[in-house]
Structures are given as structure tokens and as C-alpha cells.
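Colleague: Could you walk me through how to read burial and sheet layout here? I'd like the general idea, then the case at hand.

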Amino acid sequence: MNRRATLFNRAGLPVLLALMSLPLTATERSASLYQMHEKLLDQDGRAIDLDVYRGKKVLVTMFYGSCPATCPLIIDTLRAIEKKVDGPQRQDLRVLLVSLDSERDTPAALRQLADSRRIETTRWTLAHADANAVRRIAAALSIQYKKLPDGQFSHSTIISALDADGKIVVQSAELGHADPEVLKAISAK
Amino acid sequence: MIRACILMALTLLPFSAPGARAVGLEVPIAGGKFESVLPPSPKEKAADVPPFRLDVALVSNADFARFVRKHPDWRRDQVAGLFADEGYLRQWSSPTEPGSGIEKQPVTQVSWFAASAYCEARGARLPRWHEWELAAAASTRVPDARNDPEWRQQILDWYATSARGVLPAAGASPANYFGVRDLHGVVWEWVEDAGSMLVSDDSREQGDPNRNRFCGSGAIDLEQKENYAMLMRIAMLSSMKASYSSNSMGFRCASDAKAPR
């Protein structure tokens, strides 16, 4: 809020007052991602729902296959988290990566990516969704994204840790290493 | 004619604006190249806005009540918590009734998910930011009044007095050049790409640490910094999560232009 305030102070206008008079009702109900029903396809073309890993701890995030820099880093970050988790818990942990690129990331393209990045698709799923589903899933995960004219995507990288019922326990924007908050959420009973 | 002029003077509603179209549920807007406060990419200043159709008025409480009765999943007592916060429709007298006196007012306290579902049920969608901004750039007389200091001041005066008192009925404000009403001075409005505004707090600063959070080009920088009214909208939209509701956030629907005959 402070920074936003600065923006409008610089603007030198009473607009800030108008902004501040807006009561944001941010009381969130306990919400499971599994309240959302979206049709996805996994890297082998199988129809799945977001609750494909219901009953397990799941890390969910969004990416796109042709991303040059940050998206490989997302996969590395998820791996770093996995590495920090002890054996049995690691076996129980699942990863769901939903593509933002509904045009190019077909199941075949996702399968190719999984193979080239040596992703074990027994515990990880790379999923395709249509553009409307992508928009709703991103909204539910608080992921901002925008398709750029050259076909790339500009997007925030937020990893959500879900409990067995699909409730978002913690969200992390940290890349490159295992966020302790995420580790705590995964390790919790 | 004389009577009409007196009426105009009294209400300041220029019904006979040269460009105004016939009033209907929605109006066609040609679109085209549009210089937005939010450029499509750092390299391109102008957004390409394909032809679209936009609701003339904001969705009213009565409209939304009809939707909720038909789709009980969106009643405030049945909605999934993922899709709406505690404030969702709490101003209504019951889960299916707005209550007397507010039927014609724009519906507020609706989440992005609920607004999207409403439009989808109508075979429409929420307007995209560039569509909304293009429509809202019009005064009653010209399609793009953004460089008119007088018009700008009028908009800012509206914002300074908005969010106070009782909302006017949906569709009560004067039609702009495109025939669209309520774009300024009534409520904020959800847009389809509210999750794509990509304006982090520091996006105007050099060496922005938040850039690391973004894949691709990083946060898009804002243009036209003098266009405060639009920047405020963007600040508002990017501060709202899709499940949030606010007593000053409403919506209208849009759709793609019908294929040419």
C-alpha cells in the first residue's frame, strides 16, 4: 500500500483518497482448489481434473514449455524442494505443473518436455488446459500471466503447496532454492 | 427541440451526441490500434483491439439475482469458498433477493469468478482491459477524449466523489460516443484479464527486484502516467484477488464481434 500510495502522491492528486475509501473485504473462507472443476489433459493425453493427486501433499504451479529462462528454474526449484524432503515423505509428494500455453503445450509437447527434463511422470504431472481454464486456474493460484505478441508469456512464478484436501497451505514466489515455508507445509502432518 | 435543449442543460446528459448509437443491451465497437496505459509489450506501444461488443450498462442486482436463482452454485450461501470471499453479495436481503430499493443498482460485492460465470452463462465474457479502456476513452462526442484536459478533469472529479452515498441505477449515466454508459464515476469494473495486469508495486523503478518473479519480459511498464484515472483502475484491479469482493466493484459483459455477414 505504501508504494501504491507513493505512486499517487507523486501524481499529486486526491485520487489516493478515493482508493483508500474502498474497503477490501479480504476475509477468505477455507477454500480447496478441488472446489474447482477444470478439464485437463496430462502429458500422455489422459483426461484429468485438478484433484488428480487428491489425498496427497501436492505442489502446484504454472509454466510454459517454450519458456527460455525462468520456467526451467521452476522445475529446478520444485526438485530442490523434493530433495530437502525425507524419503517416505518424498515418495508421497506430488507435483502438478499446469501449462499457460494452451496452444503450443499439447500433451505431446509436454511428454517431450518431461522426457528431455527426465521428469518422472509417476509423481509429476504436466497438464494442458484450454485458455479459459488456464485463466481460472491462474486466478485461483494468484498467478499473474500475460501472453505477449511474440507468443511468449510474462508470468509470476508462485508455487502453491496443497494439503491432502486441496487447500492451499502456503504460496511461495521464491525461486532457485527450497523455501523453508514450503518445506514446513509439506512436512506437516 | 427547445424542450430537449432545456432538458439537456438541466441534466447535462447529451443524448444527442453526434456519435451516439441506438441504445440496446450491447453495442458494437470497431476496435483498432489503441495506445493503452498498459502496452502489450515493452516493444509495442499500441494494442491491437479486434472488433467487440460491450454492454451498454453495468449488470444490476436484479440481473444478477436472476442468474443466482438459475445457478444456485453462485448463491452466497452455496458458493465455493475458492470463488468468493465472505463479502460476496452480503448486501442482499437474502441469498436470492437483493431487497427492495437496490434492484436497479449495479451489483457489487461480486468476485471475478462470479462475474465471469455470469457472463459465460449469457454466452458472453468479461471485457478485456484494452477493450474496456478503449470504450472508456470516449467522451460523449469523440471516441478518444484522453488528451482533452477538460474531459480528464471531469473524470477525476467523478472519481473523487465516487464510492460515497447510494449508487445510481445501472445505465443512468450519459451514453458516451460508443453508446456505452456507466464507465466512469459509478464503480470499478472487473475485466477478464484482471490477472494479467502485471503491474507490481515497483514496476516503474529501475532494477526492480520484483522482476525476478516474472518469466518472460518482466512486469510491463505503465505508459501515460498523466492518465491517473486509468492508473487508478489498474492499481485497484491488481490489488484484488479473483475471489475478493468490494462494495465498489461491479462488472459488465462483452463478447467478440459477430462474424461479418
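Colleague: Is α6(B) mostly covered or mostly open?

Modeller: A residue is buried if 20 or more other C-beta atoms, placed from the backbone, lie within 10 Å of its own. Helices are DSSP runs of H or I with at least four residues and strands are E runs of at least two, numbered from the N terminus. By that count α6(B) is mostly covered, with ten of its twelve residues buried; among them are B:Y228, B:M232 and B:L237. This is a predicted model, where local features need pLDDT of at least 70, side-chain atom pairs need 80 or more, and totals for chains, interfaces and linings use all residues. Residues count from 1 along each chain as written, with chains lettered from A and ligands numbered from 1 in written order.

Colleague: In what order do the strands of the open sheet in chain A run?

Modeller: Strands of a sheet pair through backbone hydrogen bonds, either parallel or antiparallel. Pairing here takes at least two DSSP bridges between two strands. The seven strands go β3-β2-β6-β5-β4-β9-β10 in chain A, with mixed pairing. Strands β4 and β9 of chain A are antiparallel and joined by three bridges; A:L59 has A:A161 as its bridge partner in β9(A).

Colleague: Which strands does helix α5 of chain A touch?

Modeller: Contact means C-beta atoms, placed from the backbone, within 7 Å. Helix α5 (residues 107–116) of chain A packs on the sheet and touches β2, β5 and β6 of chain A.

Key: Contact = placed C-beta atoms within 7 Å. Axes fitted to C-alpha atoms, helices over the stretch in contact; angles between N-to-C directions.
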